[in-house]
Amino acid sequence: MMLDSIRARLLAAAALWLTLVLLLAWWFIGGVLERFVTERFDAEAAVIAETLIAGVEPGAGVGPEANAAPALVEITRPPADPRLSLPLSLWSWQLETAEGDFIARSPSLLDLRLEAPPGSYAGQPGTGPDGEALRVMRRVFTLPGVEPPLAVVVTVPRAEIDAAMSLVRPPLALALVVLGAGLAAASLVQVGWGLRTLDALGRDIRRIRAGQAEHIPLPPVAELRPVAAELNALLDANRSVIARAREHLGNLAHSLRTPLSALANTLPDDHPGRALVARMDRQISWHLRRARSAGQPRLLGHATPVAPVVDDILLVLRRPAEDRGLRIATACDPAARFAGERQDLEEMLGNLLENAVKYARTAISVTAGERSGQLVIAIEDDGPGMADSDHARALSRGGRLDEMGPPGAGLGLAIVADLAALHGGGLALGRSKLGGLKAVLTLPG
């Protein structure tokens, strides 16, 4: 899954947080702007109301309509805003008594009448004569010499408030998007910068696995230094345990083989007990090598060049190879490395090359190189080879196919297969282009 990555989790959390914050900012700033715009229109309505109140004076005649209030007033200075004269503009005013009796109205209302709730209020939602959305203000005031108190009602069309908000929202949205993009980029840089030391620690560990280093350098950040120190201590402890295990195994091999050798020397060549001693020696060899291999499948921080190991083994096998007149061709990439200890590589190549020298007729070929990040070593000969059906038996413990052939314990190929598997590789047998057996050893590079 994508969220099994620390980087992905941090970026996902940052994206979620930024989204929530920007949505809250949209809601909050939009609300503030809407209140600001609405209050601006309420202020205009208040100016109209104050202008109208200032222009009302006690009258001396009858009202303009038959049902006019008994207290007569006269509007000497009506508000001059042209929107109040535009018919049905919904910018309007109406003068009435505090009880709601009609006195006068703005030209924009024509013959319509506003029905506003009683009381005084600075601005609240309302509806026009035909159900239009309005912003309504009503102010009750008293005029000396006039009874009862009077009230002025001023309306502002809600559509104009919404139109003003529609002009404000797109720039606000664009600003928030730009802000979000900038914060997202900053989060990406911040996460990458914060995790670069962790990436460097991973690279140092991979260098140890590849055998290019033995310890992890202490990171520059304090939080990761204890981790690096514990890993280095673990590597040192691993090397110490392996060294002690090998020492114990060597002591065990010496303590067992010395009595067996003495026992074999005391028996005549034709004594049946010699076969039993040889079998015990083979079993001890098998279990000691298997225990050593299992105890150390791969020691971190080691890398063994392949070419020098091949040369050293062939130097040891030079005499038997010359006695049999064998030609040995080698093609080992100088850069080829085995991610493990030299002793294990010598164990595997020694068994394979010894078998090739035993069974080859005239020629042996050794090639080594890296392929797809792995070390591949192929050893071929022109000997009798073996059938495909015999490969599994040849790789099993004690699985000799030629009881009458050269002397041996029948453990070499099995030990090589076990060691390769313990290192995360494998051994495959096949037909060589030389005509004999081809053994392909695949190991971590």
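**Figure 1. Salt bridges around Glu44.** The side chains of Glu44 and Arg40 form a salt bridge with an N to O distance of 3.2 Å, a salt bridge being a side-chain nitrogen of Lys or Arg within 4 Å of a carboxyl oxygen of Asp or Glu. The model is predicted: local features need pLDDT of at least 70, side-chain atom pairs count only at pLDDT 80 or more, and totals for chains, interfaces and linings use all residues. Residues are numbered from 1 along each chain as its sequence is written, and side-chain values use heavy atoms, with hydrogens and water left out. Both Glu44 and Arg40 belong to helix α1 (residues 6–54), where they are four residues apart, about one turn of the helix; helices (H or I, at least four residues) and strands (E, at least two) are DSSP runs, numbered from the N terminus. Glu44 also meets Arg83 in a salt bridge (2.7 Å, N to O). This second pair links distant parts of the chain, 39 residues apart, with Arg83 in the loop between β2 (73–75) and β3 and Glu44 in helix α1. Buried means under 20% relative accessible area, exposed over 50%, and partly exposed in between (1.4 Å probe, protein chains only). Glu44 is partly exposed at 22% relative accessibility, as are Arg40 at 38% and Arg83 at 26%. A network of salt bridges links Arg40, Glu44, Asp81 and Arg83. The salt-bridge count comes to 12.

Figure 2. Arg138 forms a salt bridge with Glu96, the closest N and O atoms being 3.1 Å apart. Arg138 lies in strand β6 (residues 133–141) and Glu96 in strand β3, so the pair ties together parts that are 42 residues apart in sequence. Arg138 is buried, at 2% relative accessible area, and Glu96 is likewise buried, at 4% relative accessibility. Strand β3 (residues 92–97) runs antiparallel to strand β4 (residues 102–105), and three bridges join them; strands pair if DSSP finds at least two bridges between them. Gln94 stands opposite Arg105 in β4. Four residues separate β3 from β4 in this hairpin, and Gly100 in the turn has a positive phi of about 100°.

**Figure 3. Nonpolar cores.** A nonpolar core is a set of buried Ala, Val, Leu, Ile, Met, Phe, Trp, Tyr and Cys residues joined through side-chain atoms within 4.5 Å. The largest core holds 38 residues, of which Leu349, Ile377, Leu427 and Leu441 touch the most other members. Among the elements that give two or more residues to this core are α5 (306–316), α7 (342–359), β12 (374–381) and β14 (437–444). Helix α7 gives the most, with seven residues. Leu349 touches Val309, Val310, Ile313, Ile377, Ile379 and Leu441, not counting residues up to four places away in sequence; contact means heavy atoms within 4.5 Å. A second, separate core of 26 residues includes Phe41, Ile48, Leu150 and Val154.

Figure 4. Most residues other than glycine have a negative phi, and most peptide bonds are trans. The peptide bond from Glu147 to Pro148 is cis, with omega near 0°, and Pro148 is in the loop between β6 and β7 (150–157). Leu110, in the loop between β4 and β5 (121–127), has a positive phi near 55° and is partly exposed at 47% relative accessibility. Ser372, in the loop between β11 and β12, also has a positive phi, near 55°, and counts as exposed at 78% relative accessibility.
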